[in-house]
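Subject: Handover of a structure

Dear colleague,

Please find the sequence and the structure below. My notes on what was found follow directly after them.

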Amino acid sequence: MLEQFEQLLSQNDIFNLATLMHYWGGFVTTIQLVFLSLVIGAVIALPLGILRTSKNPWISKPIWIYVYIFRGTPLIVQLFLIYYGTAQIEGIKGTWLWENILAEAFYPCLIAFVLNTAAYTTEIIRGAIENTSKGEIEAAKAYGMSWAVRMRRVILPSAFRRALPAYANEVIFMLHASAIASVVTIVDLTGAARDIYSRYYAPFDAFLFVAAIYLCITFTLIFTFRHIENKVLAHLKPLSH
Amino acid sequence: MLDLQGYGPSILGGALLTVEVAILSLLLAVFLGLLGGLAKISSNPILNGIATVYTTLIRGVPDLVLMMLIFFGGQMMMNNLSDWLYTKFEVDVFFNVNEFTAGVITIGFIFGAYMAETFRGAFQSVELGQIEAGKAYGMTPWQIFSRIMFPQMMRHALPGIGNNWLVLLKTTALVSVIGLSDMVRLASEAAKATHQPFLFLLPVIFGFLLMTALSEWGLKMLERKYSAGVVKG
């Protein structure tokens with residue numbers, strides 16, 4: 001089996017086992033980066049999104065500023081700022097934090113991605129919370145539910161469902177944005193394609209192959225989310241006959 | 001004004017380049033988007049298929065990958081084309097794919113796909129009766145498009161175009177990766193050279209926020225213009 005595969009590979013110059021392993025390594029890095037950023041970003045975004053709907057301007061305005069700045073500027077600039085910026089903080093070199101975390105390109109990149117996706121997700125959650133129908137909140141209040149109980153039992157469960165289509169877009173956006181990691185020496189999928197392009201000077205083979213991989217991941221995500229949406233939004237579907 | 005250790009003027013020049021790239025790609029994107037949108041609502045299955053493949057493929061691949069494909073691959077394709085032209089017709093021409101063209105073409109091409117979706121929705125929101133009335137007046141297809149379709153669909157398309165424009169503006173920062181000396185590249189190089197990332201990158205962030213704020217204001221004005229005579233419920 002493997003021999004046949006090798007024979008198939010030997011028919012072309014570029015896609016040998018070594019390059020395929022290089023792509024595989026890039027694939028793993030991309031998935032790690034995107035997955036970690038999305039999970040940590042969502043954990044940060046949930047409280048921020050809830051607090052963003054607060055009526056107290058001292059709570060909601062700072063969050064608005066954070067969201068506005070991170071949504072209004074390119075991710076690549078945020079990445080540069082964190083990647084070059086952390087190295088310049090006084091006395092950080094030699095500390096445990098620097099030696100173990102920040103010196104590798106992966107973590108500054110992860111921080112930038114997390115802050116970016118958290119800003120977008122905060123806005124999605126805010127929108128979903130604010131679109132809760134008034135009647136539901138009134139009913140919860142009439143039952144004597146406190147703010148926390150209301151949030152937990154009534155508002156958030158339906159808000160998550162409403163947020164799902166927009167969040168699916170954000171996941172795909174994050175996957176595509178993660179290609180920027182290759183700019184700061186990380187060998188993700190795009191980084192692997194760049195390496196292979198420069199070694200063989202074959203732009204079409206290197207980039208079209210990686211484009212196809214991204215396309216496959218995108219479609220997998222779209223179908224997964226559509227499946228989840230069909231399940232959790234089933235009660236909103238128009239009745240057929 | 002802002003000297004920034006002598007880097008100020010060149011970074012400001014980079015900002016102009018960013019705006020230039022953004023506006024040219026927007027024009028290309030609107031053009032492609034109109035074609036794509038028209039193809040998507042047409043009854044011709046071939047046009048329909050091409051447009052669907054275009055919008056699906058482009059939206060499934062990261063912009064950076066497409067940009068590298070067009071920048072690195074485009075030059076090779078153009079070289080092959082000039083070789084072919086030389087051997088076939090003995091015409092000696094050379095096409096140069098520089099960072100600027102590659103950037104504008106890629107961004108225009110990508111956002112053309114998003115615009116096509118926007119325009120498709122907007123075309124469909126123009127009442128069929130309006131177009132029939134145009135036909136009844138004996139208007140040519142172009143007259144129907146320019147006098148009836150376009151002014152009415154712009155109102156529906158503007159919010160979508162506005163969103164696309166704001167995303168496009170940020171995407172222009174990617175041209176710095178393929179080597180165009182835009183605001184982002186100049187500032188990050190200055191940051192690397194002087195070891196003062198905050199001094200150079202914070203002005204870039206303000207630059208983008210300023211452009212975003214100006215665009216939002218401009219879009220509001222445009223939306224007011226195209227919503228003339230619409231009574232909001």
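I begin with one residue of chain A: A:T29 has 21 C-beta neighbours inside 10 Å and therefore counts as buried, the cut-off being 20 or more. Please bear in mind throughout that this is a predicted model.

A:T29 is placed in helix α2 of chain A, which covers residues 17–52. When neighbours within four places in sequence are left aside, A:T29 is in contact with A:I186, A:V187 and A:D188. A:F106 lies 77 residues from A:T29 along the chain, and the C-alpha atoms of these two residues are separated by 9.1 Å.

Two loop residues of chain A

A:T185 is located in the loop between α8 (147–177) and α9 of chain A. It has 12 other C-beta atoms within 10 Å; since 12 or fewer count as exposed, A:T185 is exposed. A second residue of interest, A:Y201, belongs to the loop between α9 and α10 of chain A. A:Y201 is likewise exposed, because 11 other C-beta atoms lie within 10 Å of its own.

Both residues deserve a remark on their backbone. Most residues other than glycine have a negative phi. The phi of A:T185, however, is positive, near 65°, and the phi of A:Y201 is positive as well, near 50°.

Helices α9 and α10 of chain A

Helix α9 of chain A spans residues 189–200 and helix α10 of chain A spans residues 203–232; their axes come within 8 Å and cross at roughly 165°. Angles over 145 degrees count as roughly antiparallel, so α9(A) and α10(A) are roughly antiparallel to each other. The crossing of α9(A) with α10(A) is right-handed.

On the side of α9(A), the residues that meet the partner helix are A:L189, A:T190, A:A193, A:I196 and A:Y197. On the side of α10(A), they are A:P203, A:A206, A:F207, A:V210, A:I213 and A:Y214. By type, the residues of this contact comprise 10 nonpolar, 1 polar and no charged.

Chain B as a whole

Chain B contains 8 helices and 0 strands. Its C-alpha atoms fill a box of roughly 70 × 60 × 30 Å along the principal axes. Of the 233 residues in chain B, 36% are buried. If one considers the contacts in chain B between residues at least 6 apart in sequence, 76% of them join residues at least 24 apart.

Within this chain, helix α1 (residues 8–41) and helix α6 (residues 141–171) of chain B have axes that come within 10 Å and cross at roughly 135°. That angle makes α1(B) oblique to α6(B). Their crossing is right-handed. From α1(B), the contact is made by B:A22, B:S25, B:L26 and B:A29, and from α6(B) by B:W165, B:L168 and B:L169. The residues of this contact divide into 6 nonpolar, 1 polar and no charged.

One further residue of chain B may be noted. B:L81 sits in helix α3 of chain B. B:L81 counts as partly exposed because it has 13 C-beta neighbours inside 10 Å. B:L81 and B:F94 are 13 residues apart in sequence, and their C-alpha atoms are 8.9 Å apart in space.

The contact between the chains

How many residues does each chain bring to the contact? Chain A contributes 29 residues, and chain B contributes 29 residues. On the side of chain B that touches chain A, at least two residues each come from α2 (45–60), α3 (63–89), α7 (183–194) and α8 (197–226) of chain B. That side of chain B is made up of 21 nonpolar, 5 polar and 3 charged residues.

The nonpolar core

The largest nonpolar core has 112 residues, among which A:I76, B:V65 and B:A187 touch the most other members. Helix α6 of chain A (residues 106–130) gives the most to this core, with 13 residues. Not counting residues up to four places away in sequence, B:A187 touches B:I11, B:F200, B:L201 and B:V204.

With kind regards

Definitions and conventions
Residues are numbered from 1 along each chain as its sequence is written. Chains are lettered from A and ligands numbered from 1 in the order in which they are written. This is a predicted model: local features need pLDDT of at least 70, side-chain atom pairs count only at pLDDT 80 or more; totals for chains, interfaces and linings use all residues. Two residues are in contact if their C-beta atoms, placed from the backbone, lie within 7 Å. Helices (H or I, at least four residues) and strands (E, at least two) are DSSP runs, numbered from the N terminus. Ala, Val, Leu, Ile, Met, Phe, Trp, Tyr, Cys and Pro count as nonpolar, Asp, Glu, Lys and Arg as charged, and the others, Gly among them, as polar. Axes are lines fitted to C-alpha atoms, for helices over the stretch in contact, and angles run from 0 to 180 degrees between N-to-C directions. Angles under 35 degrees count as roughly parallel, over 145 as roughly antiparallel, 65 to 115 as roughly perpendicular and the rest as oblique. A crossing is left-handed if the near helix is turned anticlockwise from the far one by less than a right angle, and right-handed if clockwise. A nonpolar core is a set of buried Ala, Val, Leu, Ile, Met, Phe, Trp, Tyr and Cys residues joined through C-beta atoms within 7 Å.
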